Amino acid sequence: MAKEGVEKAEETEQMIEKEPSKEPAEGGGGDGSHRLGDAQEMRAVVLAGFGGLNKLRLSRKAMPEPQDGELKIRVKACGLNFIDLMVRQGNIDNPPKTPLVPGFECSGIVEALGDSVKGYEIGDRVMAFVNYNAWAEVVCTPVEFVYKIPDDMSFSEAAAFPMNFVTAYMMLFEVANLREGMSVLVHSAGGGVGQAVAQLCSTVPNVTVFGTASTFKHEAIKESVTHLFDRNADYVQEVKRISAEGVDIVLDCLCGDNTGKGLSLLKPLGTYILYGSSNMVTGETKSFFSFAKSWWQVEKVNPIKLYEENKVIAGFSLLHLLFKQGRAGLVRGVVDRLIGLYNQKKIKPVVDSLWALEEVKEAMQRIHDRGNIGKLILDVEKTPTPLMANDSTETSEAGEEEEDHEGDSENKERMPFIQ
């Protein structure tokens with residue numbers, strides 16, 4: 001076992017790929033960068049092809065420079081989301097070509113300004129959305145996707161803030177019109193979005209939050225949720241036992257047979273929002289069986305039935321809203337309101353754990369195991385921990401027909417890895 005641990009540690013140290021012609025120049029890179037000829041280079045997590053964890057590696061790439069309207073950010077921390085697992089598997093519509101650098105959000109310090117950029121200065125502490133390429137030491141992104149962070153917000157908190165809280169806020173207030181006295185059912189209540197939903201619901205008087213989560217998470221999150229259920233239990237009957245009429249809002253990141261269950265729980269004038277499909281990710285690699293099974297379990301939505309029952313069904317994708325539908329201005333207004341709530345100490349990102357870039361496989365495995373409470377963060381300046389890598393690289397290769405593991409996550413909690 002000790003020999004295996006040494007081998008794992010050596011493997012981790014060798015993850016940074018270096019071609020002989022790409023060795024950093026002597027004396028260069030004091031700021032974390034290196035020189036490749038006349039061009040600087042940086043470390044970045046690269047997805048070589050769609051598939052399992054072995055498709056991820058840490059490489060050196062040419063450092064980007066800001067174009068007109070862009071900011072160059074020296075990254076301190078990156079957010080890791082469930083959508084990143086789906087991207088890695090190619091389990092999304094029209095996936096980009098590989099190799100690519102994953103990641104959609106980060107925090108850091110402004111290092112350079114492109115032409116026509118106003119409102120920011122070099123040295124500003126910021127958080128940003130990035131259309132891929134976030135998991136790197138340096139990113140460039142258009143100014144409309146960048147936001148200054150409060151002085152007392154850490155870089156890890158800032159990297160945990162944009163995706164989770166903007167998604168939660170827009171679903172609750174922009175789509176479902178959450179008001180005093182309403183009730184909300186949220187799945188995966190222990191995750192980053194689930195915790196953001198619970199915190200935002202607490203800012204509105206008399207909102208009842210029903211949540212589902214693995215049992216081992218209940219103790220940690222019980223104070224944030226009014227009624228908490230084991231995700232493998234019959235939560236429909238549990239909710240109806242407490243509220244016979246059902247709930248006003250259902251937030252579903254699971255899909256599959258949960259769609260029909262969610263619609264059945266809606267009160268008249270209630271809103272069901274699908275914002276993810278994590279049931280499609282059951283193993284390390286993409287499973288066409290799980291993909292098909294998840295959609296087969298979705299009941300056909302009958303428009304006449306929606307009309308007769310006065311129910312609303314909606315979908316929400318923040319990334320599409322930002323990068324395909326041009327709603328950056330709307331999102332900026334939401335971020336401003338969220339920062340106001342943060343400054344009032346009404347909301348605060350929940351960070352599960354910090355991981356070095358070299359540990360991206362282990363971090364992603366923790367999400368696979370549904371072991372996280374809150375957000376996993378890639379800390380660009382963190383030194384990898386060999387023992388952590390040794391334990392958490394025990395991954396399943398079954399993948400193709402593997403059932404969802406969350407019910408037995410008590411055996412996969414991996415709490416020693418939380419920093």
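This is a predicted model: local features need pLDDT of at least 70, side-chain atom pairs count only at pLDDT 80 or more; totals for chains, interfaces and linings use all residues.
User: Thanks! How many aromatic pairs are there?

Analyst: A pair of aromatic rings is described by the distance of the centres and the angle of the planes. Here, rings of Phe, Tyr and Trp (its six-membered ring) pair if their centres lie within 6.5 Å; planes under 30 degrees apart count as stacked, over 60 as edge-to-face and the rest as tilted. The count by this rule is 7 aromatic pairs. One of them is stacked: Phe-161 with Phe-165, at 5.1 Å centre to centre and 25 degrees between the planes. Ring pairs also join Phe-161, Phe-165 and Tyr-342 into a cluster.

User: Why does Phe-161 count as buried?

Analyst: Buried means under 20% relative accessible area, exposed over 50%, and partly exposed in between (1.4 Å probe, protein chains only). Phe-161 counts as buried because its relative accessibility is 1%. Phe-165 is buried as well, at 3%.

User: Which parts of the chain does the pair Phe-210 and Phe-229 link?

Analyst: That pair is stacked too, with 6.2 Å centre to centre and 20 degrees between the planes. It links distant parts of the chain, 19 residues apart: Phe-210 in strand β10 (residues 208-213) and Phe-229 in strand β11 (residues 227-230). Helices (H or I, at least four residues) and strands (E, at least two) are DSSP runs, numbered from the N terminus. Both Phe-210 and Phe-229 are buried.

User: Where does Arg-125 lie relative to Phe-155?

Analyst: A charge sits over a ring if NZ of Lys or CZ of Arg is within 6 Å of the ring centre and within 35 degrees of the ring normal. Arg-125 lies over the face of Phe-155, 4.7 Å from the ring centre, and Lys-148 lies over the face of Tyr-120 at 5.5 Å.

User: What about the backbone?

Analyst: Most residues other than glycine have a negative phi, and most peptide bonds are trans. In this model, the peptide bond from Thr-98 to Pro-99 is cis, with omega near 0 degrees. Asn-177 has a positive phi, near 55 degrees, and is partly exposed at 41%. Arg-370 also has a positive phi, about 55 degrees, but is buried at 9%.

Conventions. Residues are numbered from 1 along each chain as its sequence is written. Side-chain values use heavy atoms; hydrogens and water are left out.
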